[in-house]
Amino acid sequence: MDKIKTASALTLILFINFIFSVKYLSRITPYYLLFSFVIVAFYCVLWKYQMQLKNILFKFKYLDVWLVIGFIIISSFVFIKIPPESLNVDRWSVISSFWESYFSGDYVYYAKSFDGNQPGPMPFYFFMALPFYWMGELGYYSISGIIIFLLVMKYSSVSLQNQYFYLLTLFSFTFMLWEVICRSNLFLNGSLILLSIIYLFQSLKDKKSNRFLWNGLFIGLMLSTRNVFIIPYIITFLFALKQNKISIKNTFIIGLIAIITFGATFIPFIYNHFNDFKKMNPFIIQSNFLMPTKYSLLCVLFSTLTFFTLRKKSDVYFYSGFLLFITIITYFVYHIIENNFHETFFNSGADISYFILCIPFLLYFIIERESTDFPKSN
């Protein structure tokens, strides 16, 4: 069963990379389908011979550090050569317009990007981006996602071979290159949720006295990025309850702290703007422009069914990635029905970048399943 899940996780990752290749290669060559299939074939070969490659990579000391430094240097050059204003992706502009409105004393959820989109994410998403907004280059906000994922692997004591191999592979994925060039941050968002779940499991294992407070704060802040992340948390607590790793009482305590923390992140932005908040807020924006609330709730309810399939901790990561994928597919199918496939896919009637949200979970599941194949890193 684990082999089937691993193959499924890999298939979903390659599928996401494939659709990114198809969409963006179609803008530069009529042979985009051929090249996209060649890219998929390349990764299939890479996975087949990964043991040999890992053994070669292991010979290089501090390769992970050098890879990250090299990636940052190359990305910095790209940021200079490709200004965000020249791209059709406005995620960076949503952040900029949000903070410009705030510092001007205006209500932030009335702000609009250069493409006319309003800010859909929750408040803490923008708090995390603030240092990079002040820096003047939100591309480094995108790069931090890779650094967080590397820290996740190190925190989990993933073998050096796996760290090197998957970091190098991650750098080469089409969706990752798109993420950095377009100053997107979806991989970062997913990686932080993943980190919070790993931290929760570790703190439950260590039985630290202050674990409820810190986990509640961490989860509350992470929920104040994108509401779709309620799905991984539902799966996480269902597993913890099923395996008697946490009591209902302690789940309630963490949940209460998380809700209070979540609500507190809104205070700086709705202060003196409460009537505006009732008219326009991220819940309204997401239900109006992404997918109707009833379909979103259906996906959330569907995640509760994983209670019957959760047997191991690794299942939490697999089903989190899988259910996020199903949610984005539902969003995509909804827009295809409303419009058509060409308008939805090639003309960006729906945003395929949301598929990146599930990548950290699926990739970590694969890594976690292989973590016993090599010696642990120091």
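Helices here are DSSP runs of H or I, at least four residues long, numbered from the N terminus. The model shown in every view is predicted.

**View 1. N244 lies in the loop between helix 12 and helix 13.** Helix 12 covers residues 230-242. The phi of N244 is near 60°. That is a positive value in a residue other than glycine. N244 has a relative accessibility of 68%, so it counts as exposed, the cut-off being over 50%.

**View 2. Helix 13 spans residues 248-264.** The helix has 17 residues. From first C-alpha to last, helix 13 reaches 24 Å. This is close to the 24 Å expected at 1.5 Å a residue.

**View 3. Helix 13 has a buried side and an exposed side.** The buried residues are N250, T251, I254, I257, A258, T261 and F262. They cover an arc of only 135° around the axis, so they sit on the same side of helix 13. On the other side, I248, K249, F252, I259 and I260 are exposed.

**View 4. Helix 3 packs against helix 8.** Helix 3 runs through residues 50-57, and helix 8 through residues 160-172. Two packed helices are described by the angle between their axes and the distance between the axes. For helix 3 and helix 8, the angle is about 110° and the axes are 9 Å apart. Helix 3 is therefore roughly perpendicular to helix 8, a term that covers angles of 65 to 115 degrees.

**View 5. Side by side, the contact residues of helix 3 and helix 8.** Helix 3 contributes Q50, L53, K54 and L57. Helix 8 contributes Q161, N162, Y164, F165, Y166 and L168. The residues of this contact divide into 6 nonpolar, 3 polar and 1 charged.

**View 6. M51 is found in helix 3.** The relative accessibility of M51 is 41%, so M51 counts as partly exposed. M51 and Q161 are 110 residues apart in sequence. In space, their C-alpha atoms are 8.9 Å apart.

**View 7. N272 is found in the loop between helix 14 and helix 15.** Helix 14 covers residues 267-270, and helix 15 covers residues 274-279. N272 is not a glycine, yet its phi is positive, at about 70°. N272 is exposed, with a relative accessible area of 66%.

How values were computed
Residues numbered from 1 in each chain as written. Predicted model: local features only at pLDDT ≥ 70, side-chain atom pairs only at ≥ 80, totals over all residues. Heavy atoms only, no water. Helix = DSSP H or I, 4+ residues; strand = E, 2+ residues; numbered from the N terminus. Expected span 1.5 Å × (residues − 1). Buried < 20%, exposed > 50% of the residue type's maximum accessible area, 1.4 Å probe, protein only. Arc of directions from axis to C-beta. Axes fitted to C-alpha atoms, helices over the stretch in contact; angles between N-to-C directions. Parallel < 35°, antiparallel > 145°, perpendicular 65-115°, else oblique. Contact = heavy atoms within 4.5 Å. Nonpolar A, V, L, I, M, F, W, Y, C, P; charged D, E, K, R; others polar.
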